[in-house]
Amino acid sequence: MPDLLQGKPGRFTLERCEDCGHVFQNPRLSPEGLEFYYRDFYDGRGGEGAGTVFGRLGAAYRGRAEMLRAHVGGSGPESWLDVGTGHGHFCNAAREVWPRTRFDGLDMGDGVLEAERRGWVETGYLGQFPEFSSKLAGRYEVVSMYHYLEHTRDPLAELDAAAAVLAPGGYLTIEVPDPESRMAGLLGPAWLPWFQPQHQHLVPAANLREALADRGFTVLTEEHGAAHQGNDFFGAVALTASRLAPDPDRPWGPPATPRARALAGAVRVAALPCFAGAAVLDALRSVAARVTDGGNAYRILACKDLP
């Protein structure tokens, strides 16, 4: 599929392993390629919009933080590293659940430095997580990876880093899109969690459980319905509209023409009733996901085994 998120050039292929169901981008982007497609999405031109979206997810952030309550006693963990923290929105919200916890953040984007400046994280680490595994070895009681692992070039190396950074008995909590979701097949390229070209690996839950066990973790809790994000149909409309008429003013596209502007305006108007219908379908889908414990994402909470 093309880049339906920003309309940058390129086409991308996702393949599914017929043996284990793992979905992966093939060929995967180089680090330079990732930087190109990330640019102007979370920062720069698209930074304000991304910040607005992430700022509206407070309930989801608190739900992720609450997942530990049944397993962590007293006033909660003392130290928590949020990997892929972005601008630190999760840490800022999770502090309402665990007010005595020190939240640090790590990300490859400059937003983590802004999170530190705002006080949303105590310390912001800029770079790739595996690069910090020896420096931060055994330092944290909790490591979280919320919609991060699917962005990485080597998910197993990221899990190795988490095992190194956690103290014995510490907790690793992960949330990722579920490539086995029924919506993935129904909506095809218009399923938002495919998120090309940023998502390089989509790991089925059974594979992730196995990878965690191989690294000395015991899975304590697995949630599907609670992790569902109500955007399947709304996202499908948005991506389809973007495919039919990309933003004519995008700086990396061809010069805007009157015809391109007219087409984009017509598609936006035609999409309005579709967005309204999609919002209703997503609300119904979210209720069904909660009841059946089957959604478009899943969360896993695991404990690092004591030696």
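## Overall make-up

The protein has 10 helices and 10 strands; both are DSSP runs numbered from the N terminus, with helices (H or I) of at least four residues and strands (E) of at least two. Its radius of gyration is 20 Å, close to the 19 Å that the globule rule gives for 307 residues, so the protein is as compact as a globular protein of that length. That radius is taken over C-alpha atoms, and the rule is 2.2 Å times the number of residues to the power 0.38. Along the principal axes, the C-alpha atoms fill a box of roughly 65 × 40 × 35 Å.

Before going further, please note that this is a predicted model, in which local features need pLDDT of at least 70 and side-chain atom pairs count only at pLDDT 80 or more, while totals for chains, interfaces and linings use all residues. Residues are numbered from 1 along each chain as its sequence is written, and side-chain values use heavy atoms, leaving out hydrogens and water.

## Surface and contacts

Of the 307 residues, 50% count as buried. Here buried means under 20% relative accessible area, exposed means over 50%, and partly exposed is in between (1.4 Å probe, protein chains only). The protein exposes about 14300 Å², and carbon and sulfur atoms supply 56% of that area; the areas come from the Shrake-Rupley method with a 1.4 Å probe.

## The nonpolar cores

In soluble globular proteins, nonpolar side chains tend to be buried together. A nonpolar core is a set of buried Ala, Val, Leu, Ile, Met, Phe, Trp, Tyr and Cys residues joined through side-chain atoms within 4.5 Å. The largest one in this model has 30 residues, and those with the most contacts inside it are Leu-81, Phe-129, Val-143 and Leu-172. Two or more residues each come from strand 3 (79-83), strand 6 (140-146), helix 6 (155-165), strand 7 (166-177), helix 8 (205-214) and strand 10. Helix 6 gives the largest share, 5 residues.

Leaving aside residues up to four places away in sequence, Val-143 touches Leu-81, Val-83, Phe-129, Ala-162, Val-165, Leu-166, Tyr-171, Leu-172 and Thr-173.

Helix 1 (31-38) has four names to look for: its buried residues are Gly-33, Leu-34, Tyr-37 and Tyr-38. Seen down the helix axis, they fall within an arc of 130 degrees, so they line one face of helix 1. The arc is that of the directions from the helix axis to the C-beta atoms. Just after helix 1, Asp-40 takes a positive phi of about 75 degrees.

In helix 5 (residues 111-118), the buried residues are Gly-111, Val-112 and Ala-115. They cover an arc of only 105 degrees around the axis, which puts them on the same side of helix 5. Strand 4 (102-107) and strand 5 (124-126) are among the elements that cover them.

An open sheet is formed by 3 strands in the order 1-2-8, with antiparallel pairing. Two strands pair if DSSP finds at least two bridges between them. Strand 1 (14-16) and strand 8 stand at the edges, each with a single partner strand, so one side of each is left without a neighbour in the sheet. Strand 1 and strand 2 pair over 3 bridges, and Leu-14 has Gln-25 of strand 2 as its bridge partner.

Most residues other than glycine have a negative phi, and most peptide bonds are trans. The bond from Asn-26 to Pro-27 is cis, with omega near 0 degrees, and Pro-27 lies in the loop between strand 2 (23-25) and helix 1. Another cis peptide bond joins Gln-196 and Pro-197, with omega about 10 degrees.

The loop between helix 7 (182-187) and strand 8 (201-202) holds Pro-197 and also Phe-195. Phe-195 has a positive phi near 45 degrees and is buried, with a relative accessible area of 17%. Asp-293, with a positive phi of about 55 degrees, lies in the loop between helix 10 (258-292) and strand 10 (297-304). Asp-293 is partly exposed, at a relative accessible area of 40%.

Note on methods
Contact means heavy atoms within 4.5 Å.
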